[in-house]
Amino acid sequence: MSDIVLDVRNLRVDFPTRRGILTAVDDVSLTIRKGEILGMVGESGAGKSMTGMAILGLLEPPGRIAAGSIHLSGDRIDQLSDREMQDVRGRRIGAIFQDPLTSLNPLFRVGDQLVETIRLHTDLTRAQARERAKALMREVGIPAVEERIDNYPHQFSGGMRQRIVIALALCAEPELIVADEPTTALDVSIQAQITALLKRLCRERGTAVMLVTHDMGVIAETADRVAVMYAGRLAEVGRVEDVVQRPRHPYTVGLMGSIPSLRSDAEELQMIPGAMPRLDAIPPGCAFNPRCAHAGPKCRQDVPRIDGPGAACWLAMEGATA
Ligand SMILES: Nc1ncnc2c1ncn2[C@@H]1O[C@H](COP(=O)(O)OP(=O)(O)OP(=O)(O)O)[C@@H](O)[C@H]1O
Ligand code: SF4
Ligand SMILES: [Mg+2]
């Protein structure tokens with residue numbers, strides 16, 4: 001049996017507007033295996049969150065999946081009704097967002113929220129579900145669980161709240177977790193703890209994780225594989241150690257140069273001049289060509305694409321850009 005949990009094929013997400021159709025995700029293909037963490041990285045507006053939201057079935061209209069397919073452990077999920085997708089999100093895919101209060105209801109005690117979610121997905125009695133909730137709270141590192149279980153979300157710090165969200169995301173034992181910037185809103189000092197916790201718990205359970213972040217440092221420490229996005233397209237996909245040590249796409253090379261911890265002190269900080277194009281002004285050919293020092297005529301004409309590991313770059317794929 002295949003251990004591929006998430007299989008995204010040629011996904012396109014469009015936003016129809018009065019001035020035309022904007023393509024926020026353009027021909028993205030990805031897989032994530034059981035127990036694997038795929039990091040999604042790229043600068044603001046690259047399409048990371050839209051890819052995650054499409055998988056979760058949470059695109060806000062008029063945004064829509066315009067092409068491609070999404071399979072979860074072999075089941076196609078991109079054509080389900082809202083109601084069916086709600087069920088998939090509860091049982092089979094967990095979501096963790098930047099703001100823990102997106103997932104927690106401020107009006108209910110955290111224990112009750114965990115118990116409700118556990119009972120929705122298991123046959124446990126209320127008392128048994130409460131024991132499971134306590135065990136999960138301990139597992140995510142909440143101290144004094146006996147007292148804390150009856151607290152409300154606002155009685156916890158941001159980091160503790162995000163730990164509870166992780167418990168909530170895990171309590172239905174989902175196959176996949178989509179975590180979109182789960183630590184961005186937290187103190188820098190606790191960001192690493194939370195990512196390490198997420199990594200450990202998902203590894204233990206064999207949960208597949210899509211970890212969206214703009215921070216290549218987080219990816220380097222946490223993920224097994226990485227997908228670099230640029231202007232809605234995949235720029236590079238590969239094993240983290242390969243992409244970090246030997247980036248092949250000129251954009252990834254620039255991204256690596258911008259992480260202080262990944263540079264040797266002797267090297268200058270490499271900033272990529274220019275900005276990512278707006279969705280209504282993506283140049284023909286390679287979307288990176290106006291910023292690329294290696295751009296040749298082919299780069300301005302033909303879109304380089306990948307549907308597996310590699311770099312979507314004519315130079316990397318063909319060794320030439322002319
Ligand atoms: N309602 C909308 N209408 C039109 N375009 C939109 C809409 N929502 C998002 N977009 C566009 O979709 C593109 C992708 O956005 P997305 O949120 O996926 O970026 P991101 O990579 O997650 O960035 P960030 O790091 O800032 O979170 C952006 O260019 C954004 O402007
Ligand atoms: S395809 Fe051409 S423009 Fe694009 S990154 Fe490669 S060399 Fe640069
Ligand atoms: Mg985002």
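Predicted model: local features only at pLDDT ≥ 70, side-chain atom pairs only at ≥ 80, totals over all residues.
A polar contact is a pair of N or O atoms within 3.5 Å; inside the protein, one atom must be able to donate a hydrogen and the other to accept it, and residues adjacent in sequence count only if both atoms are side-chain atoms.

Residues are numbered from 1 along each chain as its sequence is written, chains are lettered from A and ligands numbered from 1 in the order in which they are written, and side-chain values use heavy atoms, with hydrogens and water left out.

I begin with ligand 1. Which backbone or side-chain atoms lie close to an oxygen atom of ligand 1? A polar side-chain atom of S44 is 2.5 Å from an oxygen atom of the ligand. For G45, a backbone N or O atom lies 2.8 Å from an oxygen atom of ligand 1, and for A46 a polar backbone atom lies 3.1 Å from one. Taken alone, ligand 1 exposes 650 Å², of which the protein buries 65%; such accessible areas come from the Shrake-Rupley method with a 1.4 Å probe, and for residues only the protein chains shown count as cover.

The surrounding shell consists of F15, A24, E43, S44, G45, A46, G47, K48, S49, M50, E181 and L279, where a residue is near a molecule or strand if one of its heavy atoms lies within 4 Å of it. Helix α1, residues 48-56, gives the largest share of this shell, 3 residues. Helices (H or I, at least four residues) and strands (E, at least two) are DSSP runs, numbered from the N terminus. By class, the shell has 5 nonpolar, 4 polar and 3 charged residues. Here Ala, Val, Leu, Ile, Met, Phe, Trp, Tyr, Cys and Pro count as nonpolar, Asp, Glu, Lys and Arg as charged, and the others, Gly among them, as polar.

A word on the record. The unreviewed UniProt entry carries the annotation "domain: ABC transporter" for residues 8-256; UniProt positions are given in the numbering used here, feature names are shortened, and annotations may be inferred rather than shown by experiment. In the model, that span is 40% helix and 27% strand, and its end C-alpha atoms lie 26 Å apart.

Next, the open spaces. On a 1 Å grid over the protein atoms alone, a cavity is a set of points where a 1.4 Å probe fits but cannot get out, whereas a pocket is an open set with protein on both sides within 12 Å along at least five of seven lines; lining residues have an atom within 4 Å of a point. Grid points are joined across faces, edges and corners, and a volume is the space filled by probe spheres set on the points.

The largest pocket has a volume of about 720 Å³. Of its 24 lining residues, R89, G90, S103, T117 and L168 lie nearest the centre. Two or more lining residues come from each of α2 (82-91), β6 (93-96), α3 (110-121) and α6 (158-170), with α3 giving the largest share, 6 residues. The lining of this pocket has 11 nonpolar, 8 polar and 5 charged residues.

The second largest pocket holds about 280 Å³. Its lining has 16 residues, and G57, L58, L59, D82 and M85 lie nearest its centre. Helix α1, strand β4 (64-72) and helix α2 each supply at least two of the lining residues, and β4 gives the most, with 3.

What of the enclosed spaces? The count comes to 2 cavities of 30 Å³ or more. The largest cavity has a volume of about 140 Å³, and of its 15 lining residues R233, L234, A235, P304 and A312 are the closest to its centre. Strands β2 (20-33) and β10 (233-239) each give two or more residues to that lining. The second largest cavity, of about 80 Å³, has 12 lining residues, with C286, C292, C299, C313 and W314 closest to its centre. Its lining includes no charged residues, but 8 nonpolar and 4 polar ones.

I close with the backbone. Most residues other than glycine have a negative phi, and most peptide bonds are trans. The bond from P61 to P62, however, is cis, with omega near 10 degrees, and P62 lies in the loop between α1 and β4. S73, which is not a glycine, has a positive phi of about 45 degrees; S73 sits in the loop between β4 and β5 (75-76).
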